[in-house]
Amino acid sequence: MEKETGQNSIRSKQFNRGLIFQMIATGSCRTRIELARQTGLAKTTVGNIITEFMDKNVVEECEEEQTQVCGRNPILLKVSAKAPKIIGLLILRSRVEAVLCSMTMEILRTEQIRFPGRLTGELLIQYACEAVARIYRQETNVTGIGVSAIGPVDIKNGVILNPPRFHGVNHVRIVEALREQFPLPVYMEHDNSCAALAEKLFGVGKAEEDFLFLGISDGIGSGLISGGKLFRNSRGLATELGHVSIHCQGPPCSCGNQGCLEMYASTGLILDKLRTATGLELSYEEYFRLPDCRAAREILEEMIQHIAAALVSVINMLHPELLVLGHDCMDWDDASVALLEQIVNEKRIAQDGRRIPVKKAYFGRQSQLVGAAAIVVSRIFSGELQL
Ligand SMILES: [Zn+2]
């Protein structure tokens, strides 16, 4: 019994340290007194944790801000420039990208390796390890590696399962391979879950407990934050908005279903339609900025209607309070974002007087990559990984 109490006290100490570090790193609270007030912890407890962080070069004091007319100004705290860094690894269909991030998700360096052609599981592991090694050779003050991978993934066992259109590569034990090569903890999540996590901890979703991230490219993916936490089922499977059907007799999808959203709104497919209808060879972004081109506008509006149809089904089930758009949606014009917001709010069932805003991702096209690093920082915030 006594032993158990001891372990509980260690766990609660780790939790408190993580929570205080989170408040400082995300900028939500930056003085000792405010940290004590917001966490309900004793001032001495907060003081001891900060002293420990300062001794380890994780947190530092910065210039006093003149906010009080008289009396001493509280000393502001921030993450130290000497604090350990995080390596994120993004695995996509055509390439791997590695990033060195600070604890506040500032991008310090990136490396990219494109797959030259044929790909096998062994080659994928080789490219992934090389991309991480290029960063680790220059910076060894690293606390962990986060892997953001196209799905489906088994996050419990660190395996990339069977992503469609992935050169026939499947069941790659990527986490185990990285652990063998680098003396660091390694974690993995689905790429769009990573994006949602980055937006929750540091981006547009910071203040929200429930929101959905939607990433549109040649595939369509999603990530869900529910009750302030990243959602995945007990086996680690994530949400797949791209495979929500909007037409049960629609075109067959590679997943086995028919009429999936991906068959109506993925970037490549929309680009083909736009080029055929207009006779112009423009980029996705340029079509959103074509003044007075009715043919292009009709195709884009129909695409938005299709996306809204899938979103409304999900909104009616899960009631997120915010929708975050990422990937190629960063190219959308403001009118398109506003149109999507208008349709989903008109069609969703709960007319509670609240409007679900639709916003572009704070980390833009980097949200999946930064999200890889966000997995590691989220483990520090939760107290699972100690600094
Ligand atoms: Zn499908």
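1. The sheet. Five strands form an open sheet in the order β12-β11-β10-β13-β14, and their pairing is mixed. Strands here are DSSP runs of E with at least two residues, helices are runs of H or I with at least four residues, and both are numbered from the N terminus. Two strands pair if DSSP finds at least two bridges between them. The edges are β12 (229-230) and β14 (358-360); each has a single partner strand, so one side of each lacks a neighbour in the sheet.

2. β11 covers residues 220-226 and pairs with β12 in the antiparallel sense, over two bridges. Look for Ile225: it stands opposite Leu230 in β12.

3. What kind of model this is. The model is predicted: local features need pLDDT of at least 70, side-chain atom pairs count only at pLDDT 80 or more, and totals for chains, interfaces and linings use all residues. Residues are numbered from 1 along each chain as its sequence is written.

4. Domains. The protein chain has domain 1 (2-79), domain 2 (85-195 + 367-381) and domain 3 (206-361). These bounds come from an automatic or database domain assignment. Between the C-alpha centres of domain 1 and domain 3 there are 40 Å.

5. Helices α4 and α5. Helix α4 spans residues 121-136 and helix α5 spans residues 174-181; their axes come within 10 Å and cross at roughly 45°. Axes are lines fitted to C-alpha atoms, for helices over the stretch in contact, and angles run from 0 to 180 degrees between N-to-C directions. The two helices are therefore oblique to each other. Angles under 35 degrees count as roughly parallel, over 145 as roughly antiparallel, 65 to 115 as roughly perpendicular, and the rest as oblique. From α4 come Ile125, Ala128, Cys129 and Val132; from α5 come Ile174, Ala177, Leu178 and Gln181. Contact means C-beta atoms, placed from the backbone, within 7 Å. By class, seven of these residues are nonpolar, one is polar and none is charged. (Ala, Val, Leu, Ile, Met, Phe, Trp, Tyr, Cys and Pro count as nonpolar, Asp, Glu, Lys and Arg as charged, and the others, Gly among them, as polar.)

6. Helices α10 and α11. Helix α10 (residues 294-318) packs on helix α11 (residues 334-347) at an angle of about 40°, with the axes 9 Å apart. That makes α10 oblique to α11. The α10 side of the contact includes Leu300, Glu301 and Ile304, and the α11 side includes Ser336, Leu339 and Lys347. This contact has 11 nonpolar, two polar and two charged residues.

Key. Two residues are in contact if their C-beta atoms, placed from the backbone, lie within 7 Å.
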